[in-house]
Amino acid sequence: MAAIPAVDDIPIPVRRAMRLIEAHPSVERVTADHDAGTGVTLAVVDIRTELPNAWRAAGVGPSGVREIEPVSFLFTGGYPLGAPKILLRTDFNRSHPHIQPCRSGGPPEPCLVAGSPREILRVRGIGGLFEQLVDWLDKAAMAQLIDPQQGWEPVRRDGIDDVIVADAAWLTRLPTREGGCSVFPAWYYSHGVGPVTYRIGLSEAAPVPLGPNIVGDWRFVPVGDTGYRGNTHALVAWSGKLPTGQPFVAGRYLPETVSSIDELLARAAELGCREFLEPKLSILQSRVSAAKLRREQPVAVLLLARRPCDVIGTGSPIEICPYVVELRGKDALANGSGKPVRTATHREEVSPELLRRAAGDDGEALRPWTLVGCGSIGSKMAVHMARSGRAPAAVVDNGVMQPHNFARHGLLPSESMVESFWAIPKAFYLVEALAPFKQRAVPHDVDIVAHAFDNKSIAGLVASGSFAVVNTTGSASVREALVLPGVAVSRPRAIEACMLGIGSVGLISVEGPQANPSTTDLICEAYRSIHADPDLRGEVFNTEAEAIAIGQGCSAITMPLSDGRLSTFAAPMAEHVLKLQRDGLPGAGALLIGRLGADGLSQKWTRTEVAPRIVVCDGSASVVRLSPEVDETIRREVAARPGSETGGILIGRFSDVANVFHVIGTMPAPPDSKFSREEFVLGTEGLKPMLRYLIEGSGGTLYALGTWHNHLFPSGPSGRDVKTAAKLSISQYFPLLMLIHTPTGYVHFTAEALSAAGGPASPDKEGRK
């Protein structure tokens, strides 16, 4: 192994790199030369490749890789911040994959990493970059640079300026068994002085003929000082089948070297589609032969090559090979004409499929979803999910955009700030913003509460087939409207996502099947969980939070909350809805509460499964929705006093909209209560402090609903029960619930003092389960 010549002018970082390279076991020799004028050091490294013994005698393998390969490293003055340029010998076989395209005829450059060599250099050093090179040469020697398990490596098109934008999923669906070439309308944008750069786009459409008036149909308009925008056409060709009936497969890797019509036709022949492309070029030539074009007209040509395996990262064996032919009038497009052809690169147009792949979700379209609430949380969740290819299919909100909304909204104001002069419906504003993502949502500028009350259904607002209705309003009125009789059965399951308190707590709730537990059941369970946690209770049910909930001016501007803080919750909420859409809704209800850490960075979410409610409603005007935990407590208390009546206090919430009691907890009977076989008498000792603690500690979200007691035999309310209820109802400003546990189930009745004088109330019709 020869030593590196001592060249004092070589910078120290480059010397270190060469010393490390020279120590590699695959290196035979390193020579170096430094140009003091340019500051460039050229190091030539002779690398011993792992050729099999059968090829070593000849010194070269069938792939064209030699036993000893000289590789040039060009270190510029920017090293070590920038990576050295690595070049193979000029006559190295260019038909290998993973070689950067080169039109100048200079030495080929291997493509060693999927990302930036500079980043590899920073992370793994020059040794890591050199290891990549040695591995590349060994695989090239064995013709194993393409791994069928990984997929077909597409032809490198790095550094190409012309771009053709089209939906790859649509293009790869075009090839038929018989082969063909179709023409599609397209648009283009050109810019630049002298060398012009083109952007050509084509969208999924029906093919069109190359008619006699095609040139006359081309139009363009200036854009700025050096740009033009116009319409054009694209020729898309693909191979057919072999005489054996099998599809033509282009299994030979070729570097991109097309620069003329002759080479384009030769490449089309290699890919099996020349017989379909050439006639279309002939027709195009006849159309433009007598034309007087006022300026260059670009036409796109796309060859769809069928490869032996799926192209890497696409899930399809079709590789898209794009080109641009620049027409100037009286052009010859036949073989031998020498007409120049520009190599282009393909870029996907924005599509749900592309966005899903970029988000790491290769799944196909899933069931849609409907968004209720286009405010801060709702708009951010919609945009997050749209960027993952999962935007809502319908949005509902009757609010209008106001200037202060943009403090935390997911959308941006327009440059003209027209939002300050007239109100734009939030639903339409959001739908318009989602449209460029190629995800169309139906806007409903509707008050969902009034709509639900008037129509007893929201089916007309929900996108067909929605897997869920996602409510981001945080509105108690919307929550109540979603469970109105008739509404719950006319919609999918509801998911709620909102923030509580002053922006440090997030809530996600997921209804159970058949809305049991319902979204209102779940918010009651949330209040119970928050009340049980002193720290959480302090964050949600504090004086500042209560003032905001009341609404000083009743607008979002009253909550001092940054956009970043709100986004820290909106993002995980969107991720969870994505997961539910992809994996399916759970078999029971779920409640998730998230808390932001004191550092403003960390979050902790807790998930609780919420079982179905026990519904007591048979024949009664009111309904009791009893949590299983309350039922278990009642049964345990009854079992603890065999042969005697017992009881306690019921806590929860009453919905006057639906006439429903949501019972989520109990309080034990005060110590001065009386228990006997004939009756249970609720005591009063210590009762007021307990009730005050409940109400104040829950911000008034939870309170006593009434009482429960048991009967030893199946029976309805006794006369004493009715009198007791009438007495207790005088001090309560909503119906008093009396729940009776019997050996055969529950009975309930209500009493309410409606007269100003607080006269005796009549019990509601009893209900049984």
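**Strand 27 and its partners**

Strand 26 (residues 614–616) pairs with strand 27 in the antiparallel sense over three bridges; strands are DSSP runs of E, at least two residues, and helices are runs of H or I, at least four residues, numbered from the N terminus, and two strands pair if DSSP finds at least two bridges between them. The model is predicted: local features need pLDDT of at least 70, side-chain atom pairs count only at pLDDT 80 or more, and totals for chains, interfaces and linings use all residues. Residues are numbered from 1 along each chain as its sequence is written, and side-chain values use heavy atoms, leaving out hydrogens and water.

R625 in strand 27 is the bridge partner of V615. Strand 27 also runs parallel to strand 29 (residues 660–668), joined to it by four bridges, and V623 has V660 of strand 29 as its bridge partner. From strand 27 (residues 623–626), V623 and R625 point one way and V624 and L626 the other, and all are buried (under 20% relative accessible area, 1.4 Å probe, protein chains only).

**E69**

E69 belongs to strand 3 (residues 68–75) and is buried, with a relative accessible area of 1%. Its side chain reaches the backbone nitrogen of R66 at 2.8 Å.

Terms used
Buried < 20%, exposed > 50% of the residue type's maximum accessible area, 1.4 Å probe, protein only. Polar contact = N/O pair within 3.5 Å; in protein donor to acceptor, adjacent residues only side chain to side chain.
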